[in-house]
Amino acid sequence: MILEMMTYRFRGHSMSDPAKYRSKEEVEKMREEHDPIEQVRLRLLAAGVSEDELKKIDANIRKIVSDAVDFATSDREPDPAELFTDVVA
């Protein structure tokens with residue numbers, strides 16, 4: 001299976017790039033018409049998924065991300081001996 005993900009970078013390349021080479025209108029239009037998250041949301045609504053169910057899904061996703069951040073910032077570093085574990089060459 002191949003998935004091609006085409007999206008739009010809403011911000012500049014870095015913190016020092018204010019992205020002034022695109023108009024505010026262009027960015028807003030792309031966000032409204034091409035934001036993949038918003039497009040999936042609209043498709044789910046059209047398929048009969050309720051706003052309440054979408055809110056539950058969103059809350060679950062936020063918890064998963066929050067737990068991953070907590071793990072990444074608070075768990076101990078892996079042993080350097082694990083560096084090449086499960087690497088096939």
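Colleague: Is Ala19 buried or exposed in this model?
Modeller: Bear in mind that this is a predicted model. Ala19 sits in the segment before α1, and its phi is near 55°, a positive value in a residue other than glycine. The cut-off for buried is under 20% relative accessible area. Ala19 has 12%, so it counts as buried.

Colleague: And Asp86, with its positive phi of about 65°: buried or exposed?
Modeller: Asp86 is found in the segment after α3, and it has that positive phi although it is not a glycine. Most residues other than glycine have a negative phi. Exposed takes over 50% relative accessible area. With 74% relative accessibility, Asp86 is exposed.

Colleague: Which residue takes a positive phi just after α2?
Modeller: Helix α2 covers residues 36–46, and at its start a side-chain oxygen of Asp35 comes to within 3.2 Å of the backbone nitrogen of Ile37. Just after α2, a phi of about 100° turns up, and the residue that takes it is Gly48.

Colleague: What is the radius of gyration of the protein chain, against the 12 Å of the globule rule?
Modeller: The chain has three helices and zero strands, running α-α-α from the N terminus. It is more spread out than a compact globule, because the rule gives 12 Å for 89 residues and the radius of gyration is well over that, at 19 Å.

Colleague: How much of the chain counts as buried?
Modeller: The C-alpha trace spans about 50 × 40 × 30 Å along its principal axes. The chain exposes about 8,600 Å², with carbon and sulfur atoms supplying 59% of that area. Of the 89 residues, the buried share is 9%.

Colleague: Arg22 has no salt bridge, so what is the nearest side chain of opposite charge?
Modeller: Arg22 lies in the segment before α1 and is buried. Its side chain has a 3.2 Å polar contact with that of Tyr8, and it reaches the backbone oxygen of Arg9 at 2.5 Å. A salt bridge needs a nitrogen-to-oxygen distance within 4 Å, while the nearest side chain of opposite charge is 4.9 Å away and belongs to Glu26.

Colleague: How far apart are the closest N and O atoms of Glu38 and Arg41?
Modeller: Glu38 and Arg41 are three residues apart in helix α2, about one helical turn. Glu38 is partly exposed at 26% relative accessible area, and Arg41 is partly exposed too, at 29%. They form a salt bridge, with the closest N and O atoms at 3.2 Å.

Colleague: Which residue of helix α3 pairs with Arg41 of helix α2?
Modeller: Arg41 has a salt bridge to Glu51, with the closest N and O atoms 2.8 Å apart. Glu51 lies in α3 and Arg41 in α2, so the pair ties together parts ten residues apart in sequence.

Colleague: Which residues do shared partners join into one network?
Modeller: The count comes to four salt bridges. Those that share partners make one network, and its members are Glu38, Arg41 and Glu51.

Definitions and conventions
Residues are numbered from 1 along each chain as its sequence is written. This is a predicted model: local features need pLDDT of at least 70, side-chain atom pairs count only at pLDDT 80 or more; totals for chains, interfaces and linings use all residues. Side-chain values use heavy atoms; hydrogens and water are left out. A polar contact is a pair of N or O atoms within 3.5 Å; within protein, one must be able to donate a hydrogen and the other to accept it, and residues adjacent in sequence count only if both atoms are side-chain atoms. Helices (H or I, at least four residues) and strands (E, at least two) are DSSP runs, numbered from the N terminus. The radius of gyration is taken over C-alpha atoms; the globule rule is 2.2 Å times the number of residues to the power 0.38. Buried means under 20% relative accessible area, exposed over 50%, partly exposed in between (1.4 Å probe, protein chains only). Accessible areas come from the Shrake-Rupley method with a 1.4 Å probe; for residues, only the protein chains shown count as cover. Lys and Arg count as positive and Asp and Glu as negative; His and the chain ends are not counted.
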